[in-house]
Amino acid sequence: ISGPAAMELLLRRGKEALEEGQPDVAAEHFTALIDHAPDFSEGYYGRASSYYLLGLTGPALDDIRQALTLNPRHFEAMRGLAIIMEELERPDDALELYEMILVMHPNSQEVLGSVDRLKLQLEGQSL
């Protein structure tokens, strides 16, 4: 198989491996997808998710950066980056990312909740 059919197969297998709790297997599928289609942001986003679940924060950040370079409006990659910023104790950066997502998806309850939570946290720090 080649072309779009191969891309769809690798993407589907990567997502299935993630759903089955196999981020190592998923990373292999997403790496193959990136090799096939280096301009397809979903490959980088999928591999970033896999790396994140494997505890590989640096490589996950690199892949998120590449996904956002290819697709600056990839809100899932932006949300992933915001989550990592929170874990790295950078709530200001996380809040900025969540607010950027809300410009694109103003009704995202999950993101609205994160914004409220971070604003409370930041207000508490400034008291």
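Mentor: Before we start, a residue counts as buried when its relative accessible area is under 20%, and as exposed when that area is over 50%. Keep in mind too that this is a predicted model.

Trainee: Got it. Is R47 buried or exposed, then?

Mentor: R47 has a relative accessible area of 14%, so R47 is buried.

Trainee: Where is R47 found?

Mentor: R47 is part of helix α3.

Trainee: And which residues does R47 touch?

Mentor: Leaving aside residues up to four places away in sequence, R47 touches A27, F30, T31, I34 and D63.

Trainee: Let's stay with that helix. How many of the residues of α3 are buried?

Mentor: Ten of its 13 residues are buried, so α3 is largely enclosed by the rest of the structure. Those buried residues are S41, E42, G43, Y44, Y45, G46, R47, A48, S50 and Y51.

Trainee: What do they pack against?

Mentor: The buried residues of α3 pack against α1 (4-19), α2 (23-36), α4 (57-70) and α5.

Trainee: What span should α3 have?

Mentor: With 13 residues at 1.5 Å a residue, α3 should span 18 Å, and the 19 Å between its end C-alpha atoms agrees with that. After α3 comes G55, which has a positive phi near 80°.

Trainee: Okay, zooming out. What is the secondary structure of the chain?

Mentor: The chain has seven helices and zero strands. Its C-alpha trace spans about 60 × 30 × 25 Å along the principal axes.

Trainee: How much of the chain counts as buried?

Mentor: The chain has 127 residues, and 40% of them count as buried. As for contacts between residues at least 6 apart in sequence, 38% join residues at least 24 apart.

Trainee: Which residues line the largest pocket?

Mentor: The lining is made of Y45, A48, S49, Y52, L53, I64, E76, R79, G80, I83 and I84. By type, seven are nonpolar, two are polar and two are charged. Y45 and A48 also belong to the buried residues of α3.

Trainee: Which residues of α7 are buried?

Mentor: V111, S114, V115, L118 and L122 are the buried ones. Looking down the axis of α7, they fall within an arc of 100°, so they line one face of the helix.

Trainee: Which residues are exposed on the other side of α7?

Mentor: There you find Q109, D116 and L120 exposed.

Trainee: And what does the buried face pack against?

Mentor: The buried residues of α7 pack against α5 and α6.

Trainee: One last thing: what is phi of E89?

Mentor: Phi of E89 is near 60°, a positive value in a residue other than glycine.

Trainee: Where does E89 lie?

Mentor: E89 is in the loop between α5 and α6 (91-104).

Trainee: Does E89 count as buried or exposed?

Mentor: E89 counts as exposed, because its relative accessibility is 70% and the cut-off for exposed is over 50%.

Conventions: Residues numbered from 1 in each chain as written. Predicted model: local features only at pLDDT ≥ 70, side-chain atom pairs only at ≥ 80, totals over all residues. Heavy atoms only, no water. 1 Å grid on protein atoms, 1.4 Å probe; cavity = no way out; pocket = protein on both sides within 12 Å on 5 of 7 lines; lining within 4 Å. Nonpolar A, V, L, I, M, F, W, Y, C, P; charged D, E, K, R; others polar. Helix = DSSP H or I, 4+ residues; strand = E, 2+ residues; numbered from the N terminus. Buried < 20%, exposed > 50% of the residue type's maximum accessible area, 1.4 Å probe, protein only. Arc of directions from axis to C-beta. Contact = heavy atoms within 4.5 Å. Expected span 1.5 Å × (residues − 1).
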